[in-house]
Amino acid sequence: MPVLKVSNQTKNNFSIKLIFPCRLKSSYSLSNFTPPLGMSSLASFLRHYGHYVEQEDFNMRMNLHNNGNADIGRFKIEEALQILKTGNFKCRLGFFVDRLVDSLSLGTKFKLIGFSNLASDGFYFSLLLARRIKQKTNTPLVFGGSFITLFGHLYPGILDYVDYMITGDGGEPLLKLIAYLNNEIPVSEVPNLIYKENAQLKINPKKCYPLEGVFPPDYTGLPVDLYRVPQYGNNMRVYYQLSRGCSGKCSFCSFRGGREKLEFKSYDKILRELKQLKEKNNSNSFIFCDNAINISNDFLEGLCNLFIKNNLDISWLANARVDNFDRHILNKMKQAGCRALSFGIESGSDRILKMMNKESSFSEASQVLKEVFDAGIKNEISLICGFPQERQEDIKQTIEFVRENGRFISVIRRHIFFLYYGSDIYSNPANYGIENLTPMPGYPHVFQYDETAGLKWKQKWKQQNNSKKQLRRICAFSRVSFAFNALKEGFYLSSKR
């Protein structure tokens, strides 16, 4: 593994607290019983350079509370926004935040506290924690994660409670930030950093780092045994990244403006790290969190050959593009341990798929699902409800897709469409028949809109929810519902073959 050339910051051992926040509005779910990848990879990186790191998974705590304490229940993002607006923590959510902050026993033990933010439901909880922590300690706080990378600059108010934000790759920037806090380098030399100087917002130049240098996750300090549940055969599902980048051009994706280069880890690194993770965590269940496992068929076939030749004996799930898998590669994937593939089908309407810039059609998606099913691999799919210009006829076609292919599908996930900052729809709304984009209250990265010569926003919002309800009903009365109930959270990723 390449060693980064940084300044002499390793001479000064730093104590760092890393926090993964609760997911607001998230009910008790087995999918949350998975250790966070980004935070644990950073912990591994920082420990390699001699720093002391403690990790805290508050999302796990939330799940445990929801499972065993009816008084905790589910919190809404609107509750967090109200607390942030008024500063009044004297409410159910505020009391819960105070309990978590008190449990940290921060004192002067840590010289830096970092928050890993993947999505808005965790980001707003991080803000609550940061605001309360700032009232108790002067320890510098830093926010990072994919949400900050995509949308952090839209929230300059973050820096009222937080000292720094880091976008993109977080490893070396964190080391540089430590060097700055140790008075070794000026703050201007910390890459990917957003901060305030003399009340002015400063954004340092961004630097990208090779995927080959990313460290495997280190779960030391996390409640590893609590991630093991019977539905996984008492295994812990371990996230792992094989590649970076995407060749797709989905019009709704906010990552379009990000890194374009496709990168793949070397086979030697993958084999070594998967063996280490399997042995250290006593688990053979993995989730490959790449944008698509078949983004390169040559890489995929080589990967399968690697697993088979070395008798790796792991079970894995991965995202996949709706491309034509031939029977040869599917059989090899099955032999290499693939138990499920997750597809962004999104719609059964070819008209809507074309607007989404999806490189697939109703018939192509149907054929791929059948071929994957025939190979003995489970199918998961996601559907988007209420896309711009979606009409009842498009919803009917999606329902028909579910009817025709239900016997091939194990899990269906339905999502209401949200228009995000940075997507092609945001940048070119007229191309998608929408206008009057307005940030949603409290969400500068999400936009409401009117359809040109179509539905106004209030009508569109009702239509989106109605679309989701219609799809829920067809799922309930199709064979999918039985697979969904039985296999919902990954029985196919257990150690039993």
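## Helix packing and a pocket

Helix 1 (residues 37–48) packs against helix 7 (residues 171–181) at an angle of about 50°, and their axes lie 10 Å apart. That makes helix 1 oblique to helix 7. The crossing of these two helices is right-handed. The model is a predicted one.

From helix 1, the residues in contact are Leu 42, Phe 45 and Leu 46. They meet Gly 171, Glu 172, Leu 174, Leu 175 and Ile 178 of helix 7. By class, this contact of helix 1 with helix 7 has six nonpolar residues, one polar and one charged.

The table sets out the geometry.

| Helix pair | Angle | Axis separation | Crossing |
|---|---|---|---|
| Helix 1 and helix 7 | about 50° | 10 Å | right-handed |
| Helix 8 and helix 9 | about 45° | 11 Å | right-handed |
| Helix 3 and helix 5 | about 30° | 10 Å | left-handed |

**Helix 8 and helix 9.** Helix 8 spans residues 267–281, and helix 9 spans residues 297–309. Their axes are 11 Å apart, at an angle of about 45°. That angle makes helix 8 oblique to helix 9. Helix 8 brings Tyr 267, Ile 270, Leu 271 and Leu 274 to the contact. Helix 9 answers with Asp 298, Phe 299, Gly 302, Leu 303, Leu 306 and Phe 307. The residues of this contact divide into eight nonpolar, one polar and one charged.

**Helix 3 and helix 5.** The angle here is about 30°. Angles under 35 degrees count as roughly parallel. Helix 3 and helix 5 are therefore roughly parallel to each other. Their crossing is left-handed. In helix 3, Ile 77, Ala 80, Leu 81, Ile 83 and Leu 84 take part. Their partners in helix 5 are Ser 120, Asp 121, Tyr 124, Leu 127, Leu 128 and Arg 131. By class, the contact of helix 3 with helix 5 has eight nonpolar residues, one polar and two charged.

**The second largest pocket.** This pocket holds about 200 Å³ of space. Helix 3 (77–86), helix 5 (120–134) and strand 18 (443–451) are the elements that each give two or more residues to its lining. Helix 5 gives the most, with three residues. In total, 13 residues line the pocket. Nearest its centre lie Leu 81, Leu 84, Tyr 124, Leu 127 and Tyr 155. Among these, Leu 81, Leu 84, Tyr 124 and Leu 127 also belong to the contact between helix 3 and helix 5.

How values were computed
Residues numbered from 1 in each chain as written. Predicted model: local features only at pLDDT ≥ 70, side-chain atom pairs only at ≥ 80, totals over all residues. Heavy atoms only, no water. 1 Å grid on protein atoms, 1.4 Å probe; cavity = no way out; pocket = protein on both sides within 12 Å on 5 of 7 lines; lining within 4 Å. Points joined across faces, edges and corners; volume = space filled by probe spheres on them. Helix = DSSP H or I, 4+ residues; strand = E, 2+ residues; numbered from the N terminus. Axes fitted to C-alpha atoms, helices over the stretch in contact; angles between N-to-C directions. Parallel < 35°, antiparallel > 145°, perpendicular 65-115°, else oblique. Left-handed = near helix turned anticlockwise from the far one by under 90°. Contact = heavy atoms within 4.5 Å. Nonpolar A, V, L, I, M, F, W, Y, C, P; charged D, E, K, R; others polar.
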